[in-house]
Amino acid sequence: MKKLLVVLALVITAPLALGGGAADETRFTLRDELLRLINRDRKQFGLSPVQLDPFASVIADNYCNLQIRNGTSGHFTVDGQAPYMRYSFAGGNDGVSENAAAWSANYHLGDRALYEMMRRSQQAMMGEVAPHDGHRRTILDPFATHVGIGLAWEGGEFRLAQEFVRHYIDWSRALPRSASGTDRALCSGRPVRGFDIEAITVHHEALPQPLAAITANAIGSYSLPDKRREYRPRLRPYTRLSDSGAAEWIHEQYTGGSRGDFPIADDGGFAFAVPFPDGPGVYTVVVWVRRHGARESIAASNVSIRVEDVAPVSYSSR
C-alpha cells in the first residue's frame, strides 16, 4: 500500500500567542491531544480506538528532529531509508504505516501555533478525497491497534509523524536486523488470541542509498517492493472416514503442488527461517494473519533485515 505525504506551509507576518510550558510538557500535551483527535475521527467511522505506542513515539520523535536538522520533509530523509526500515532498524517488530506532515513559518513557534499546526494537519489528512486519500486511509485503518506520535519544532520549522502500528504477533524469537547471505535468519512467535498465521512474504530491494535533501523532499509516497517470495504454513495430513467406513489419510496441497513451507504448532505458534536467495539488499519480512472466520488478511509485521556483500544463490520453486 502506498503512503502519501502532506506538506503544509504557514507563513504569517506576526506570531500566534506563545505558550509558556517547557518543551517536554508541550510535547506530552500535544501528543495526548492528537491521540484524542485520531480516536475521535476513528470513532466517527465505527472503528476501535488506537493506544499510544511509547516506543514508536520515540522513533517518530527522533525522525522528526532529524528531518529538521537535515532540512527534509515527508517519508524520507538523507539516509534513504523507507519508513518501515527506519521503524524496524530501531527495533520495531510490528506492522507499521506512516503519515507525515511538515510546516514552515517565518516566526518562532509557540504553543498556540504548534497546536494549530497539529490540528490542521489532522484536519487536512481527514479531508482527503479518493483516490488521493492515503493519509485518511492510514488513520482509518481498521486493523491498527496502536499509534506512535512524533513531534519536533525549532525556529519556524515543525514536523509531525504518525506511526500506525498493527500488533498481532507476540515474538518469542525476533528477527535479526542484519545477516550475511549464507545465513537463514530464524524467528518464532505466536499470533494474538483469535488469529491464525496465513502466510509470510519476504520482500527484497536494493540497499538504501544516501539522498540529497531536495531528492528526499520530492518523494511523495512509499510502498514495499513488488519483488517478493511467498511462504505458506505447512498443511497437516488428517484422517476421515471413506464411503466404505474405513479411515483414510488426506494430504492436502496448495495450488502448484506445495504442501507448505513452515510448521504451525498446536497453539498456533510458528517458526520460520528466512532465506536470502536474491543477494545483497534489504529483506522485509511480512507475517500475514487472519482473524478466525474473517476473509481479509492483515500485514502484522514489517521487519527489515540488511544483507550485504553476498552473491545471489539459486532458488528452486516448490
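View A. The expected span is 1.5 Å times one less than the number of residues in the helix. Helices here are DSSP runs of H or I with at least four residues, strands are runs of E with at least two, and both are numbered from the N terminus. Please keep in mind that this is a predicted model, in which local features need pLDDT of at least 70 and side-chain atom pairs count only at pLDDT 80 or more, while totals for chains, interfaces and linings use all residues. Residues are numbered from 1 along each chain as its sequence is written, and side-chain values use heavy atoms, with hydrogens and water left out. Which residues of α4 are buried? They are A113, L114, M117, M118, S121, Q122, M125 and M126. Buried means under 20% relative accessible area, exposed means over 50%, and partly exposed lies in between (1.4 Å probe, protein chains only).

**View B. Helix α1 has other elements covering its buried residues.** Its 21 residues should span 30 Å at 1.5 Å a residue, and the end C-alpha atoms are 30 Å apart, which agrees. The buried residues of α1 include T26, L30, L34, L35 and I38.

**View C. R27 and D61 form a salt bridge, with their closest N and O atoms 3.8 Å apart.** R27 lies in helix α1 (residues 23-43) and D61 in helix α2 (residues 54-70), so the pair ties together parts that are 34 residues apart in sequence. Both R27 and D61 are buried. A salt bridge is a side-chain nitrogen of Lys or Arg within 4 Å of a carboxyl oxygen of Asp or Glu. How many salt bridges does a search of the whole structure find? The search finds 16.

**View D. E98 meets R86 in a salt bridge, the closest N and O atoms being 2.7 Å apart.** This pair links distant parts of the chain: E98 sits in strand β4 (residues 95-104) and R86 in helix α3 (residues 83-89), twelve residues apart. Are these two residues buried or exposed? E98 has 0% relative accessibility, so E98 counts as buried. R86, at 12%, also counts as buried.

**View E. E230 and R228 join side chains in a salt bridge (3.9 Å, N to O).** Salt bridges that share partners connect E198, R228, E230, R232 and R290 into one network. E230 is partly exposed at 41% relative accessibility, and R228 is partly exposed at 43%.

**View F. H146 is found in strand β5 (residues 146-154).** Its relative accessible area is 18%, so H146 is buried. The side chain of H146 makes a polar contact with the side chain of T145 (2.8 Å). A polar contact is a pair of N or O atoms within 3.5 Å; within protein, one must be able to donate a hydrogen and the other to accept it, and residues adjacent in sequence count only if both atoms are side-chain atoms. Leaving aside residues up to four places away in sequence, H146 touches V50, Q51, L52, D53, E163, F164, V165 and H167. Contact means heavy atoms within 4.5 Å.

**View G. Three strands form an open, antiparallel sheet in the order β7-β9-β15.** β7 (169-173) and β15 (270-274) stand at the edges with a single partner strand each, so one side of each is left without a neighbour in the sheet. The twist averages 35 degrees from one strand to the next; axes are lines fitted to C-alpha atoms, for helices over the stretch in contact, and angles run from 0 to 180 degrees between N-to-C directions. Strand β9 (residues 185-191) pairs with β15 over five bridges in the antiparallel sense, where two strands pair if DSSP finds at least two bridges between them. Which residue of β15 does C187 stand opposite? C187 stands opposite F272.

**View H. S178 is in strand β8 (residues 178-179).** With a relative accessible area of 52%, S178 is exposed. S178 and V282 are 104 residues apart in sequence and 8.9 Å apart in space, C-alpha to C-alpha. S178 touches I305 and R306, not counting residues up to four places away in sequence.
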